[in-house]
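Here are some notes for you to read alongside the model.

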Amino acid sequence: MSTLIAIDGLDGSGKNTQSTMLVNRLKIEGFSVRNLSFPMYDSDSCAPVKMYLEGKLGTRPSDTNAYAASTLFACDRYCSYKADWKKDYDSLNKIIVANRYTSANAVHQLSKLPRDMWDDFLDWLWDFEFIKLGLPAPDLVLYLELLPEQSMELVSLRSSQTGQKKDIHELDEGFMRRSYEAAQFACEKLGWTKIKCYDKNGVRERTDIFGEILDTVCQKTDIVL
């Protein structure tokens with residue numbers, strides 16, 4: 001069976017950069033690797049997600065409740081799995097690296113709920129995506145931890161440099177702060193591995209972060225580098 005590694009974190013935390021670096025390193029080492037990135041923006045299955053993130057279902061994240069929004073993102077994953085990458089997951093000795101996964105629902109949608117509902121929501125989410133939908137559960141989740149203010153600063157910098165429009169999550173500072181708190185809870189409950197992406201000097205160098213990711217992958221999976 002294949003190994004599925006999910007990399008998640010707040011917006012601007014370097015998920016895409018670190019996922020790409022990990023995929024490239026594994027390929028150099030001779031592994032058969034598949035890189036995934038959610039949401040699948042170029043797929044028809046992502047249309048409801050794009051409507052949500054663009055504010056067409058409401059201009060605030062809270063306008064679409066946690067369960068409804070989670071279903072939109074899960075549908076995108078399910079369709080891509082059945083139509084595309086299931087064959088890779090079912091093959092032997094394949095490593096699949098996902099930039100975001102169910103873990104993103106466990107952070108951003110969890111943050112919409114009162115604290116006393118967090119346990120129940122995560123139990124529901126696990127059952128919904130991995131049992132009822134039959135998506136594969138990740139073998140390892142790496143959570144790239146940034147402070148909310150660092151995340152927001154990096155998102156603003158990216159937007160100004162590239163012209164990329166902020167989505168409704170990124171526009172809502174309160175939502176980003178609640179998502180940070182939700183992530184700490186999810187990491188503890190679900191056994192994710194936190195990769196701290198900052199120190200007393202600010203955001204760490206991406207190569208230093210990547211070195212820690214490589215060490216963690218070797219320690220917590222059967223992958224030998």
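1. A word on terms before we start: contact here means heavy atoms within 4.5 Å. With that in hand, look at Lys15, which touches Ile7, Asp8, Gly9, Leu10, Asn99, Arg100 and Leu144, leaving out residues up to four places away in sequence. Please keep in mind throughout that this is a predicted model.

2. Is Lys15 buried or exposed? Its relative accessible area is 4%, and the cut-off for buried is under 20%, so Lys15 counts as buried. Lys15 belongs to helix H1, which covers residues 15-28. Ser37 is 22 residues from Lys15 along the chain, and their C-alpha atoms are separated by 9.4 Å.

3. Lys15 also brings us to the largest pocket, where Asp11, Gly12, Lys15, Arg100 and Arg158 lie nearest the centre among the 46 lining residues. The space in this pocket comes to about 1,200 Å³. Which helix gives the most to the lining? That is H6, with 5 residues. At least two lining residues come from each of H1, helix H2 (47-53), H3, H4, helix H6 (148-162) and helix H8 (206-220).

4. Next, the largest nonpolar core, which has 53 residues. The members that touch the most others are Leu22, Trp85, Val97, Tyr101, Leu142, Trp192 and Val217. Helix H7 (residues 173-190) makes the greatest contribution to this core, with 6 residues. There is also a second, separate core of 8 residues, including Val49, Tyr52, Phe73 and Ile168.

5. Tyr101 deserves a look of its own. This residue sits in the loop between strand S3 (94-99) and H4, and counts as buried because its relative accessibility is 1%. Beyond its neighbours within four places in sequence, Tyr101 is in contact with Leu4, Ala6, Asp8, Phe38, Arg77, Trp85, Phe130, Leu135, Pro136 and Pro138. Thr193 lies 92 residues from Tyr101 along the chain, with 15 Å between the two C-alpha atoms.

6. Does the length of helix H5 (residues 118-132) agree with what its residue count predicts, or disagree? At 1.5 Å a residue, its 15 residues should span 21 Å, and the end C-alpha atoms are 20 Å apart, so the two agree. Buried in H5 are Trp118, Phe121, Leu122, Leu125, Phe128, Glu129 and Phe130. Those residues cover an arc of only 155° around the axis, and therefore lie on the same side of H5. As a reminder, an α-helix has 3.6 residues a turn, so residues three or four places apart point the same way.

7. What do the buried residues of H5 pack against? Their partners are helix H3 (66-90), helix H4 (102-109) and H7. Asp120, Ile131 and Lys132, on the other side of H5, are exposed. Just after H5, do check Gly134, which takes a positive phi of about 75°.

8. Finally, H7 passes the same kind of length check: its 18 residues should span 26 Å at 1.5 Å a residue, and the end C-alpha atoms are 25 Å apart, which agrees. Its buried residues are Phe175, Met176, Ser179, Tyr180, Ala182, Ala183, Gln184, Phe185, Ala186 and Cys187. Covering them are elements including H4, H5, strand S4 (140-145), H6, strand S5 (193-196) and strand S6 (198-199).

Key:
Residues are numbered from 1 along each chain as its sequence is written. This is a predicted model: local features need pLDDT of at least 70, side-chain atom pairs count only at pLDDT 80 or more; totals for chains, interfaces and linings use all residues. Side-chain values use heavy atoms; hydrogens and water are left out. A nonpolar core is a set of buried Ala, Val, Leu, Ile, Met, Phe, Trp, Tyr and Cys residues joined through side-chain atoms within 4.5 Å. Buried means under 20% relative accessible area, exposed over 50%, partly exposed in between (1.4 Å probe, protein chains only). Helices (H or I, at least four residues) and strands (E, at least two) are DSSP runs, numbered from the N terminus. The expected span of a helix is 1.5 Å times one less than its number of residues. The arc is that of the directions from the helix axis to the C-beta atoms. On a 1 Å grid over the protein atoms alone, a cavity is a set of points where a 1.4 Å probe fits but cannot get out, and a pocket is an open set with protein on both sides within 12 Å along at least five of seven lines; lining residues have an atom within 4 Å of a point. Grid points are joined across faces, edges and corners, and a volume is the space filled by probe spheres set on the points.
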